[in-house]
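Subject: Structure handover

Hi there,

Here is the structure I promised to pass on to you. Have a look at it first, and my notes on what turned up follow below.

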Amino acid sequence: MKATAMAHPIQGLVKYHGMRDEIERLPYHDSISVCTAPSHTRTTVEFSMDYDEDSFIVDGEELEGRAYERVEAVVEKARSKSDAAHTVYPVRLESENSFPTNVGLGSSSSGFAAAAMALAEAAELDASKGEISTIARVGSASAARAVTGAFSHLRTGMNDEDCRSERVPSNLHEDLKIIVGLVPYHKDTDDAHREAADSHMFQARNAHIHEQIAKMRDSLRNDDFEGVFERAEHDSLSLAATTMTGPSGWVYWQPATLAIFNTVRELREEEDIPVYFSTDTGASVYVNTTEEHADEVEEAVADCGVSTTVWDVGGPAKLLDEDKHLF
C-alpha cells in the first residue's frame, strides 16, 4: 500500500521546551504555532514485501543513526495502531522539502507530519487529524501541530488522548504575511530540548507559560494581531533565555539575527508599522506583519544582508494524488 502526503512547517508562537518523555515526546507544557506556506514537505510511503528492510530517504540522502530512529518511531507508532496485514512488511519512506532545513524553519514539524499522514493512509487507519497528530508527535512534538495546520494548539498530557493537537479558530490568516530572514546556521534542537530542564530559568518559564497560552488563544479568537505577535516575540526571548542558560550554554543567534531584531523594532517604534520578530531554536527569523506593509518590511529585512522570502499561513497536512508519488 502506497500513499503520499504534504504538510507545512510551523512557526512557534508559544513554544514548547523540554520533554518529560523522550520516547513518546510528551512536552512539559502546551504550545501554539502557525503553519507557514507555501513551504512544505512531501512524503511517500509504501509497505511492501519487495523490500528487505525499512528505509528512509530525505532530500536524496538515506537516514542513519538518530535521524533514522526518529522516523522509525513514527512508523512503529502507525504500525501499532493498524490491523492491516501488510504493515508487517518493510516500509520505504521518501521525503522532499521545498525549503532549507536545519536552520530554524521547522522542517522536522512538516517532515514528521507528512510522514504520519501518509503512514496513516498506507496503514489503512481510520483516524482523525487529532489522532494522526499523536503519531507525528513521537517524531517531533511540533509535528503534531503541523498535522492540524494553521493556528494549532498542542496540549500537554501523559497519553495520546490528552497530548494531541487541535485548531484554534482565527481569521488572522487573511492578513498575515511572514517574512523569513534566512540565517544559515547548523543546530541540533534535540540537544536543546534535552538540556532545557537543567536551566535555572526552566521552572520560571513553566510557571509563566500557562497564562501565555490562555492569552494567546484569546488573542487568536479575537483576531488581535498585536496581542498574538507581540506575545510571540516575547516568547522567543523567553525560549532563548532558557536555552542559553542550560548546561551547554547554547547560543543560536548570529549577528544577522540580532540585526533583524533591531530593524523590526525600529520599524515598529519609529514608523509605527505592525511588525514583530519571532525565532524558534535557530538563527533564522520570522518577521510577522500585515499584507499592507509586507513589501516595505521585506526590503528592510533584506537590507540586513540576508536572503528573504514571504510566506502565508498554511493549512493542515493532506493526502496527495497518485501522480504526486516520489517513487
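Of the 327 residues in the protein, 58% are buried. Please keep in mind that this is a predicted model. The exposed surface comes to about 13500 Å², with carbon and sulfur atoms supplying 45% of it.

On overall dimensions, the C-alpha atoms fill a box of roughly 65 × 40 × 35 Å along the principal axes. The radius of gyration is 19 Å, which agrees with the value near 20 Å that a compact globule of 327 residues would have. The secondary structure amounts to nine helices and 16 strands. If you take the contacts between residues at least 6 apart in sequence, 77% of them join residues at least 24 apart.

Next, the rings. Searching the whole structure gives eight aromatic pairs. One of them is Phe 225 with Tyr 276, a tilted pair with 6.4 Å between the centres and 50 degrees between the planes. This pair links distant parts of the chain, since Phe 225 belongs to helix H7 (residues 225–244) and Tyr 276 to strand E13 (residues 275–278), 51 residues apart. With a relative accessible area of 13%, Phe 225 is under the 20% cut-off and so counts as buried. Tyr 276 is buried too, at 6%. Another pair is Trp 253 with Phe 261, which is edge-to-face at 4.9 Å centre to centre and 90 degrees between the planes. Phe 261 is buried, with a relative accessible area of 5%. Ring pairs also join Phe 225, Phe 229 and Tyr 276 into a cluster.

There is a charge over a ring as well: the charged end of Arg 92 sits over Phe 327, 4.0 Å from the ring centre.

Most residues other than glycine have a negative phi, and most peptide bonds are trans. The peptide bond from Ala 37 to Pro 38, however, is cis, with omega near 10 degrees. Pro 38 is in the loop between strand E5 (31–37) and strand E6 (41–47). Asp 59 has a positive phi, near 50 degrees, and is placed in the loop between strand E7 (55–58) and strand E8 (61–62). Its relative accessibility is 40%, so Asp 59 counts as partly exposed. Asp 223 also has a positive phi, of about 55 degrees. The loop that holds Asp 223 runs between helix H6 (202–221) and H7, and Asp 223 is partly exposed at 32% relative accessible area.

Best wishes

Terms used
Residues are numbered from 1 along each chain as its sequence is written. This is a predicted model: local features need pLDDT of at least 70, side-chain atom pairs count only at pLDDT 80 or more; totals for chains, interfaces and linings use all residues. Side-chain values use heavy atoms; hydrogens and water are left out. Rings of Phe, Tyr and Trp (its six-membered ring) pair if their centres lie within 6.5 Å; planes under 30 degrees apart count as stacked, over 60 as edge-to-face and the rest as tilted. Helices (H or I, at least four residues) and strands (E, at least two) are DSSP runs, numbered from the N terminus. Buried means under 20% relative accessible area, exposed over 50%, partly exposed in between (1.4 Å probe, protein chains only). A charge sits over a ring if NZ of Lys or CZ of Arg is within 6 Å of the ring centre and within 35 degrees of the ring normal. The radius of gyration is taken over C-alpha atoms; the globule rule is 2.2 Å times the number of residues to the power 0.38. Contact means heavy atoms within 4.5 Å. Accessible areas come from the Shrake-Rupley method with a 1.4 Å probe; for residues, only the protein chains shown count as cover.
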